[in-house]
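The sequence and model are shown first.

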Amino acid sequence: MSDVLRKCKVKLARLLKVDFSAIETDKGPLQYDGELGIGTDVYILNDVGEMQPAPDGTYQAEDGTLIEVTDGCISDMDQEAAGEEEMEEEKGANSLPEDGEVSVKDYNQLVEIVNDLVAEVSNLSELAESNEELKKKIDKQKKRSQN
């Protein structure tokens, strides 16, 4: 998953007030949404309390499970304390229903999320335009002061 998509996922989670789960590791807690398994995006909290993708590396959970993280995503898990069957169940837990249908409630929530994202992007665009205008004004002031 790209950095942009990860940032969107975190932003969406904040908008929806999603409570992320956490697993304690030797390097601190790893935050995740949904079921923990291969392919799950994992995050850490930075110094200001914002979630960011977990750095690459091997993390050891309290139960002895080794979690390999690559690009903020679990790429491998060695579950010494848990069975392989449980891992396979978790791996498929985040998939869509086979028929691909989404409930009206879920659809409406997604529409609301997309609208919020569009508003955020619009705000960023407005800020970028204001920033450009300020740069032009500063450049004019610099030119005047040089003359």
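## Basis and overall make-up

Helices (H or I, at least four residues) and strands (E, at least two) are DSSP runs, numbered from the N terminus. On that basis the protein chain holds three helices and seven strands. Their order along the sequence is α-β-β-β-β-β-β-β-α-α.

The model is predicted: local features need pLDDT of at least 70 and side-chain atom pairs count only at pLDDT 80 or more, while totals for chains, interfaces and linings use all residues. Residues are numbered from 1 along each chain as its sequence is written, and side-chain values use heavy atoms, with hydrogens and water left out.

## Surface and contacts

The protein chain has an accessible surface of about 10700 Å², and carbon and sulfur atoms contribute 49% of it. Accessible areas come from the Shrake-Rupley method with a 1.4 Å probe; for residues, only the protein chains shown count as cover. A residue is called buried under 20% relative accessible area, exposed over 50%, and partly exposed in between (1.4 Å probe, protein chains only). Of the 147 residues in the protein chain, 23% are buried.

Contact means heavy atoms within 4.5 Å. Among contacts with a separation of 6 or more, 43% join residues 24 or more positions apart.

An open sheet of three strands has the order 5-6-7, paired in the antiparallel sense. Strand 5 and strand 7 are its edge strands, each pairing on one side only. On average, neighbouring strands of this sheet are turned by 25 degrees against each other, direction ignored; the axes used for such angles are lines fitted to C-alpha atoms (for helices over the stretch in contact), and angles run from 0 to 180 degrees between N-to-C directions. Two strands pair if DSSP finds at least two bridges between them.

Strand 5 (residues 57-60) is linked to strand 6 by four antiparallel bridges. Glutamine 60 lies opposite leucine 66, and tyrosine 59 has isoleucine 67 as its bridge partner. The two strands form a hairpin with five residues between them, and glycine 64 in the turn has a positive phi of about 95 degrees.

Strand 6 and strand 7 run antiparallel and are joined by five bridges. Isoleucine 67 is partnered by methionine 77 in strand 7. This hairpin has two residues between its strands, with aspartate 71 in the turn at a positive phi of about 55 degrees. Ile67 and Val69 form the covered face of strand 6, whereas Leu66, Glu68 and Thr70 form the uncovered one.

## The nonpolar core

A nonpolar core is a set of buried Ala, Val, Leu, Ile, Met, Phe, Trp, Tyr and Cys residues joined through side-chain atoms within 4.5 Å. The largest such core has 13 residues, of which Ile23, Leu30, Leu36, Val42, Ala54 and Ile67 touch the most other members. At least two core residues come from each of strand 2 (30-32), strand 3 (42-45), strand 6 (66-70) and strand 7 (73-78).

Leaving aside residues up to four places away in sequence, valine 42 touches Leu30, Gln31, Tyr32, Leu36, Gln52, Pro53, Ala54, Val69, Gly72, Cys73 and Ile74.

## The salt bridge

A salt bridge is a side-chain nitrogen of Lys or Arg within 4 Å of a carboxyl oxygen of Asp or Glu. The count by this rule is one. Glutamate 132 and lysine 135 form a salt bridge, with their closest N and O atoms 3.8 Å apart.

Because they are three residues apart in helix 3 (residues 104-146), glutamate 132 and lysine 135 are separated by about one helical turn. Glutamate 132 is partly exposed at a relative accessible area of 42%, and lysine 135 is partly exposed at 41%.
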